[in-house]
Every structure is written in C-alpha cells, then in structure tokens.
Amino acid sequence: MFDGDYDYLIKFLALGDSGVGKTSYLYQYTDGKFNSKFITTVGIDFREKRVVYRSNGPDGATGRGQRIHLQLWDTAGQERFRSLTTAFFRDAMGFLLLFDLTNEQSFLNVRNWISQLQIHAYCENPDIVLCGNKSDLEDQRVVKEEEAKQLAEKYGIAYYETSAVDGTNVSKAVETLLDLIMKRMERPFASADQNATGTSRRSVTQGRSGGPRPLGRRRVKS
Amino acid sequence: MQETLQRYILERHRFRKMSLRLPKDFSLKSDLGKIARSVSMMSGEQMAASNRTQSPILSEKPIKCGFLKKQKTFVKTWQQKYFSLIEQKLYYFKDNIDNKYQGCIVLPGCQVKEVYSSDDGKFIFEVTPGISTDQNRSASETHVLMASTQAEMEEWVKAIRKAAGVVSGAVFGRSLADTITYEKKYGRHSVPILMEKCVDFIRENGLNEEGIFRLPGQDNLVKQLREDFDAGERPSFSSDTDVHTVASLFKLYLRELPEPVVPWCQYDAFLGCEEKICINEDKGHEELIRQIRLLPKENYNLLCFLCRFFFEVQKNSIENKMNAENLAMVMGVNLLKSKSEEPAAMMQSTSIIQKLMTLMIIHHEKFFPKANDLQNEPVPQKNLQSFVEWEATEESVLPGVVQAKNVCDSNASSTSENGLATLEEGSLLKDDPESWKSIARKRTQTMPNAKPFVAGKQLNNIADELFSDDFWMTSTPSNGYRDSSFSSPGHKRTLSEDLKCNRKSTYDNVPCSQGDSGKSPVSSPTNLCASNYGVAQHQQQSGTYLKNCLNTSGLENKTCKNSATLPNLEDLKVTDKKDEMNQREECIQSLQKENKELKEQLEIEKKERMDLEIAFQNAKRARDDAENRNKLLQQKIEEYARAMSASGCRP
C-alpha cells in the first residue's frame, strides 16, 4: 500500500482504560469513519497513516514538508493484557492517553496510566497528549473540562476533548503530538533525550534506503 | 500490675498456639481462664520461656525498624517514633538511641489496614488488635501510623502482617481448592465466597450496565476491596459500589489464582479442542466435554458457575452490549492462561480462547449439564479428616501457624489430586460411563496413593494418543500453543494476518480500506514487532516443525511424481528394477522420517520426564513436611492433654 519512501517513521501508541474508545479513535483518525460496534481489542493492533509535516519553527523557514509515516499502535485496555501492552510502551515515541468523558473511573485512572508510562516508556517524561473522548455525548458527560485541564496542566501535557464519532479534535490531537515529537527530535541532542533523538535520526536514513526498520530498542544504554 | 497483664496476654497467646487441634465443640472463651491459670503450673522450661519473652531485651535482630509517625490517642497529633519489629511484637521508642521502649504492640491476631488519605503526602495505616481483651484496655486501641512514602508504608504493612500471621493473599492468590476447603466453615460453598458475592452483586446491579466486565473499575477501590477480603473481612458491597469495580475485583481474583481455573496441565489440551472443532464439530465438542470432565472438582464447579452466569449476562446484551463473544474475550483470558507471558503466544492463543469460551457460555447446558451438579456435591466430611480438625479452631488460633499448615496440606493434596486426575484420564479414555462419578469421589482423597511420576508417564501416553491423529499436522503440544501460521508451509504470513484469520478483528466488520496494509512485506509493522519481542525465539522453536512440514510435503511430492511416471517406465523393460528401487527409496525415506519423528518425540518425552521428576520431588518434600508437622502437632496435643489433666487434678 505504502511505498517505503518517507522521511520519518513515527510510532504512536494509544492507551487508556478499556472501553474509552481507543480503537474507534484511531479508526476515525486513519479512515475518517466511526464503527459503533463494541468489540474488545485483542492484545495489540495497529493502524497506519501518511502525513506531511511542515514545521513552523521560529525561523519561519518551512521548506519542504517532511513525509511522515505514522504507525498508530492500539492497545487492549483489558487488565489481562497489561504485561503485553506495557511491553510496547518503550517502543513508542508519543502517547495518546485517552479517557472517557462519560466515565469518571477512566478519568481517575489517568494518573495510574501516567505512572505506568513513566516506568515503561523510553524516558521518564515522554510526550503525551491527553484526550477526553466521547465529547459528542454531552448529556452523559461526568468529567468537567476544567478538571481535565487541571490534571493535564499538573502533568504538563496537552489536553483535547475529542469525539471518535464526529471526529472532533481527533486529527488535532495527533498533530499536536506529532509536533511535540518533531520538536523533540530537532532539539540538538538535549542530554536527557539523547537516546530517542539518536535512534530517530538513524532511522531516517534507513527509511530512505528502502524498507522501514523497527525503531525498537530505544533503550540502548549509551 | 502492668507487668502481670502483659504476661497474661503473652500466656494467652502461647496457649492459643497450642490449642490448634482442639475438638470442634471446645469453647475457647469459657476455657481460657482455666488455661491461663493452669499455665503457671506448667513445667519449668516453659516458664523460663515465657519469662524471656516478657523482658524484651532487644538482643533479637529486628525484622524491620525505622521511623514512623504515630498518632496520639486523644489529641490527634503526629509524633515521630522509632519502631522496631521483633518477632511478633512491634516496639516503639522515643528515638533510635534510647533503648527503653515506650510501648509495645503485640501483633498476633492484629488487623493491619492501609488507610486511604486524600492528602497526597500522607501514607497512613492502622494496626488494630484482633481480639479485644477486656482486662487490658490499652491493647484494644487502634494504632494509627504514618509512613513518609507509599513504598515504605507497603513494606511496613507487609512486614507487620507477616508477623501478625495474616498472610497477605488469604483469599487472593490462594489456590482454589484451598479456599474452598477453608470456607467450608461458613457453610457449603461450591465456589469461593468472593465469587458468589461478586456475582450476586452484579446480578443485582449490573446486568444492564454497558460494558460490564469490560470496563475497569477504580484501581484504588479494587485494591482496597482486595485487602478487605484478604484480611478475612468478607465485606459485603455497599449498594453505591460501582459495578465495574466489583467486576474488576472479580477478574482480579481469577487472574491472581496461583493456577488458573483451567490448570496449566490442561491448557494445551483445551486449546487443542478448538482445532478439533474446526475439523469436526461434534468430535471437537466431545473432546472439550472430556477435557472439562477432567478438571479438578473445584475448578469444574467454578467454570460451570461462571459460564452459567455469563449466559445470564449476555441475555441482556442489547442493554449491556456484552454478547457472548465479547464476554468470552474479556473473561476467557483470565480463565485460560498459558504459563508463558510471551506476547506473540499470548495474542495467538487469545482468539482460540475466545472461541472456546464463547462455546462454553452459549452451550453451557451441553458442557456443564445440570445432571453433573449432584455428583459434584461436596463429599462427606470424613474424607477430609485432616482439614476438619483445623476448622474447629482456625479462627481463634494464631493465623500464621494455621496458614502455614494449610499451605502445606494443600501442597500435598493438590499434587495428589493432580496425580489422581491424570491417572483417571486413562480410564476415561475408554469412555467408561461411570468414570465421571468415580472421579468426583476419588479426587478428594487427601494423600497420594499413586506416585505422580507414574501418573505423569501415563499422561504422556495419553497426550500421544490424543495428538496422534494430527500430531504432525500441528505444532507439538509442548509448544504451548497452536500456530496456524505454520500449517501452510512455504506461505509467509504476517502475525496480523494470522490473527485476522483466527479472530474477529476489531476492524473486520467495517469496510477496510487498508485491509491489505498488513500484506505489504516491507511495511508490515507486526513483523517488526515480532522481531522485537522474542517471537524470533518462538519461530525458532516452531522452525524445526516447519522444516519437518516442508520435508514431508517434499516427500509426498516425490512419491506423487514417482507414481505418475511409472506407467511410462513400463514400456521400458526395466520397470521391475526401477520399481524396486523406488520402493526402497520410499522405504528409506519413510524410515528416515519415522526416525526423525521418533527422535523428536523422545526429546519431548525426556523433557516432560524431567519436569515430572522435579514435580514429584517437590510433592515428596511437601508430604514429608506435612508429616513432620503432623507429628509435631500430635506431640503438642499430648502435652496439652497432660497439662489439662494436671490442672484438672489440682483444682
């Protein structure tokens, strides 16, 4: 479907409690459709999408857009699959943390998910975008926008209210995350992120020279 | 005065320790006074022992020590104290220099509870003496302590619980057979009380809840409920408890079982049923029924109970959106688990598990017929002698001792159960109509008559029998799971494709514009993931098999060719010779193949033999242990009887 010709292979991972709409969210993002079926994800799945990224950096020089191959990993929220899904955390570069605006538990569990990320992701402060999903169900909403914003602020992460049904903010949240990742990569080897940056750069050449290669093993101890 | 009181308490504990095997009708309360008095007339050695504990010169190495904050009783302020946990007492000091202790909490029988504070920086836990002592007021008050970090608190709670004899995992993490036996004292229960309570609650409040059993509850609340159950409180859920929290607790219990509801030894056989069902539905069902019958009694009862309940749940699927497939998806993986947590294996088995589970839920009447219920009733108690004696005094006794013994008992009996179960398999294979009945009975024997090793050997044979039909069509049973990707040799498929074949994909029911993305060999991330996550290793394992497959098919091709060319050769007059040669070649090839097969079989059997030998050694050790303990306790009882009669003589 896709040719191997792109500049960056970026891996995102969607996580959050079971039933918050991770699969639907990603389906909406990649295909622009909504599937109302209520099916649990088996372990882990993925979707892909090609985008063009134009950095709007301070120099204003956008130049040629970067061709990005996005790999969106969809994890199962089921507890039984925790060990499996957390194993995938360390291979993702950015995280879409979803909760359900109509389900308070899923919001309360956001804290746990973040601490899980801090343990299992490639670094202690990975790029996360918090998404309050199911914003179309306004009448059933139990989590106030203000509460969610406060929580996001506390962790210093972006927050969007999204809807996989009508597509509100779905692309916006992913784009924000992509922007964060690209910015992080452009940072000239900031000491803390050296590992992540280093490997990503290497992958660029791999991407150009043919088939994509896994970006795994970002835990390389230097 | 204080001193005598303290001594009194100590002596009481001493006595409780000894009353382990008191008769059932023995009333501890009324006789306590007598015991306490009699203790002063006991042998000098014991007196010396009690004297030593009375004056806690801190020569013993503390189990754990460190600073904690303690809340004052009347003015609720916090005061920093130095705590030292020595044997079964928690002493506290003004600081870590002063060696004169300010207070001492006698731990045995104490309840330890974490208190959830809304304040982030406070990690509070309580130590409450379990048995209220009327004579000693200070002993019944709750001690509220605070640690500075979550981890520190957890460590303290764990250590204190251990010292208090409250083994964490009194319900969670305990084996099913153990729990059932333990809970006999609360009346007849064919499944753990926790399961019953959860199911009752969900039946009452959650049947129409959207995503019941799929959506998780609140982690902290689940944790707290778990602790309550472990502390033996058997809480009832208040009506405002979130059903999803109860459902999460329910799932947690199943996951925490030391051995899943479908035991490790039957896991492969269960998964094998799915394939058989694909080939021949009726035969597959039969096989599944047979496997279900082979389950230990407790496991059968629980699985039956769950499937019947899930059937109820899925009846409301219009409201709760949880149809049988969905329920099977979220629950199956908690009931059927492989020993390995290897990601690829886990994902591949998941779809198979889902199918089996769906079947068991929908056709629960077929797989768990009501007729079996009666035969499965708890057996008369005389078969359970060794447990009965324990039940009588368990509650009042130092729980640590009891639990240690219980664990020991269960080790011995569970191994014996396994041994028996496997032996039984042999008889079942003959389709003896009576065998079901006899299993239910025999399984409850307490000590193994049959050596597990012998039983294991038979298991091997049975496994061979079971798999002989399609032994080489699928991966070997020891591989842990079936791997359909290798059943079509030569055709390389990605993991996601395999999974999509096996399972109802999340995206299957939607027009899939990217359906073929997985096929692109270059950009298949699942392949990438596979190489990242030790699938390589698995592929190596199955690699041998693949090679075999290729070899076999190659051979077949050759033979085909040979037979096809034969007629032409007839014209030439060398047919006979060629024929002979062909035959010989074939013969050699088939012999080589057989040889290879046998070699591999030998390897597998060798490995299994090793495993079983180890298991046998373990069982033996456990049995010896149990016997020793029994002897020890018998001695204690005799001592106690002597003491009793001595006190009786001198009123």
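Here is a friendly walk through this predicted model, in questions and answers.

User: Let's start with chain A. What pattern of helices and strands does chain A follow along its sequence?

Analyst: Good place to begin! Chain A holds seven helices and six strands. Reading along the sequence puts these elements in order, and the pattern is β-α-β-β-α-β-α-α-β-α-β-α-α.

User: Of the contacts in chain A between residues at least 6 apart in sequence, what share joins residues at least 24 apart?

Analyst: Here a contact means heavy atoms within 4.5 Å. Taking the contacts of chain A that join residues at least 6 apart, we ask for those at least 24 apart, and their share is 76%.

User: Which residue just after helix 1 of chain A takes a positive phi?

Analyst: Step just past the end of helix 1 in chain A and look at the backbone angle there. Phi has a value of about 70 degrees at this spot, and the residue is A:Gly32.

User: Where is A:Lys134, the residue other than glycine with a positive phi?

Analyst: Most residues other than glycine have a negative phi. A:Lys134 has a positive phi, near 70 degrees. As for its place, A:Lys134 sits in the loop between strand 5 and helix 5 of chain A.

User: Now for a single side chain: is A:Phe12 buried or exposed?

Analyst: A:Phe12 belongs to strand 1 of chain A. Residues it touches include A:Leu70, A:Leu72, A:Trp73, A:Val174 and A:Ile181. Because its relative accessibility is 0%, A:Phe12 counts as buried.

User: Let's move to chain B. How many helices and strands does chain B have?

Analyst: Chain B has 651 residues, and 47% of them count as buried. Its accessible surface is about 33,000 Å², with 52% of that supplied by carbon and sulfur atoms. Counting its secondary structure gives 24 helices and seven strands.

User: How far apart in space are B:Met146 and B:Phe123, C-alpha to C-alpha?

Analyst: B:Met146 lies in strand 7 of chain B, and it is buried because its relative accessibility is 9%. Among the residues it touches are B:Trp78, B:Phe123 and B:Ile124. B:Met146 and B:Phe123 are 23 residues apart in sequence, while in space their C-alpha atoms are separated by 5.4 Å.

User: Is B:Lys321 buried, partly exposed or exposed?

Analyst: B:Lys321 is in the loop between helix 12 and helix 13 of chain B. Its phi is positive, near 60 degrees, in a residue other than glycine. Since its relative accessible area is 35%, B:Lys321 is partly exposed.

User: How many disulfides are there over all chains?

Analyst: A disulfide needs a pair of cysteine sulfur atoms within 2.5 Å. Chain B does have cysteines, including B:Cys278, which is exposed at 57% relative accessibility, and B:Cys587, which is partly exposed at 41%. By the distance rule, the count of disulfides over all chains is zero.

User: Finally, which helix gives the largest share of the lining of the second largest pocket?

Analyst: The second largest pocket holds about 1,600 Å³ of space. Its lining has 46 residues, with A:Asn112, B:Tyr116, B:Asp219, B:Asn220 and B:Lys223 nearest the centre. Eight of the lining residues make up the largest share, and they come from helix 4 of chain A.

Conventions: Residues numbered from 1 in each chain as written. Chains lettered and ligands numbered in written order. Predicted model: local features only at pLDDT ≥ 70, side-chain atom pairs only at ≥ 80, totals over all residues. Heavy atoms only, no water. 1 Å grid on protein atoms, 1.4 Å probe; cavity = no way out; pocket = protein on both sides within 12 Å on 5 of 7 lines; lining within 4 Å. Points joined across faces, edges and corners; volume = space filled by probe spheres on them. Helix = DSSP H or I, 4+ residues; strand = E, 2+ residues; numbered from the N terminus. Buried < 20%, exposed > 50% of the residue type's maximum accessible area, 1.4 Å probe, protein only. Areas by Shrake-Rupley, 256 points an atom, 1.4 Å probe, with all protein chains shown as cover. Lists of a residue's contacts leave out its neighbours within four places in sequence.
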